[in-house]
Amino acid sequence: MTEKAAHVTNLDPWLDAYAARAETLSVSEVRALFSVVSRPEVVSLAGGMPNVSALPNDVLQRSYEGMMAKRGALAMQYGGGQGDLTFRDQIRELMALEGIHSSVEDIVITTGSQHGLDLLGGLFLDAGDVVLAEGPSYVGALGIFRHYEAHVEHVYTDENGMSPEALEESIAALKRQGRKIKFLYLVPNFANPSGVTLSAERRPQIIEICKREHILILEDNPYGLLYFNEPVPNALRSMDENVVYLGSFSKILVPGFRVGYVLAPPAIRDKLVLANESAILCPTSFGQMMISEYLSTADWKGQIDTFRGVYRERKDAALSAMQEFLPKLETTRPDGGFYLWVTLPEGIDSKAMLPLAVKELVAYTPGTAFFGDGSGQKYLRICYSYPTPENIRVGIKRLATVINLQAELLETFTGKRS
Ligand code: PMP
């Protein structure tokens, strides 16, 4: 038996049968952690889980009963590939909160915004195409772009979001190399993983550059309504109808329904509906009808206010624990959303340090998950959305023990204080 044949027999009898693209499917660093960090003694500052316990059960119970009484038969049936019309109209109102004026015709319901991203990846990306993205960028989007064999070019991003100057420079450099740029992918509000928000000043500048260069913008906005004090600047889509906008109910309601949506210009929308039908026939009728009933009968704006309070309290706990236990480390100070982005002392590798942190009963996500080329060792993401404020403090205290030990070891071996 040849070496390969033995390998095929022992491990996976279908190894020779997979498409080449199956190679791009690797366990994400975030998901690989889930089995370890779900142990109760570990404080997980890793996975970006919404705090669903802040939504009282009886609210959804009432929505369920109302929905079943009014539209139960429809909820159990297949629906159209674009999604329910009444529901799409309610989404129009939701998007109006961020300055977006849209038509129900241009909204497509998806299985979470993750599915919207996948459909868009399938529509636009050929192997070798370039996607421009913030540096760092959302790990789930990077996985999709990798699956379609695209190359992600990260554009310099600071506390005001992506830099328009850096964007222009990246585009010019890629054009000189003859590379094909397919779109710019942005999370403009309380970005995952950095927590930063693209400033009001930079938004029209980025739109202007992309218009001039004929580059499509994908605006992914699951966190925009979860601001702590001030609402976010208007959506990029509100300034340019050619922007493709992705929204989701995962963070402003619950992820369990798996409902998201895409607002796209007519030509792209038509293709998205066809791609949706081809992939899943139709989005979940049950989930759409449940959320539709919830939006028409429950105090959903009050519920978003409750979520804001829950996340604000946890962000404050995280920042004050950082100040108490790791005062020298640089961290972003988000105005909403779930995440802090922390820069480690020189020489510490967040990926290599993770097993030590888990041993110390705390987990985080290494910065390397958020760069297409696996760089980002000197950063880590803290997600404060899920643990209690007390546990966030405990988790960051444990993290400080691990980081300080690493820094001391580095000092001993290199003679340098970081
Ligand atoms: N985009 C971003 C930036 C996210 O953080 C997430 C979830 N973590 C998603 C998209 C996907 O969310 P969902 O599919 O639940 O709508």
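A polar contact is a pair of N or O atoms within 3.5 Å. The views below show a predicted model, and the legends begin with contacts of this kind.

Figure 1. In the side chain of tyrosine 223, an N or O atom is 2.6 Å from an oxygen atom of the ligand. The protein covers 92% of the 400 Å² of accessible area that the ligand has on its own. Aspartate 220 has a polar side-chain atom that lies 2.6 Å from a nitrogen atom of the ligand. For asparagine 192, a polar side-chain atom lies 2.9 Å from an oxygen atom of the ligand.

**Figure 2. The shell of residues around the ligand.** There are 13 residues around the ligand, and the ones that come nearest are Ser113, Asp220, Tyr223, Ser248 and Ser250.

**Figure 3. The largest cavity.** Searching the whole structure turns up two cavities of 30 Å³ or more. The largest cavity has a volume of about 90 Å³. Its lining includes Leu94, Met95 and Glu98, along with Asn221, Pro222, Gly224 and Leu225. Tyr245, Gly247, Ser248, Ile252 and Tyr261 also line this cavity. At least two lining residues come from helix H4 (85-96), and at least two from strand S8 (244-248). S8 gives the most to the lining, with three residues. By class, seven residues of the lining are nonpolar, four are polar and one is charged. Ser248 belongs to this lining and is also among the residues that come nearest to the ligand.

**Figure 4. The second largest cavity.** This cavity has a volume of about 30 Å³. Phe249, Ile252, Leu253, Tyr294, Leu295, Trp300 and Ile304 line the second largest cavity. Ile252 is found in this lining and in the lining of the largest cavity. Helix H10 (285-297) supplies at least two residues of the lining of the second largest cavity, and helix H11 (300-325) likewise supplies at least two. Which classes of residue make up this lining? The lining has seven nonpolar residues, with no polar and no charged ones.

Technical notes: Residues numbered from 1 in each chain as written. Predicted model: local features only at pLDDT ≥ 70, side-chain atom pairs only at ≥ 80, totals over all residues. Heavy atoms only, no water. Near = heavy atom within 4 Å. Polar contact = N/O pair within 3.5 Å; in protein donor to acceptor, adjacent residues only side chain to side chain. Areas by Shrake-Rupley, 256 points an atom, 1.4 Å probe, with all protein chains shown as cover. 1 Å grid on protein atoms, 1.4 Å probe; cavity = no way out; pocket = protein on both sides within 12 Å on 5 of 7 lines; lining within 4 Å. Points joined across faces, edges and corners; volume = space filled by probe spheres on them. Helix = DSSP H or I, 4+ residues; strand = E, 2+ residues; numbered from the N terminus. Nonpolar A, V, L, I, M, F, W, Y, C, P; charged D, E, K, R; others polar.
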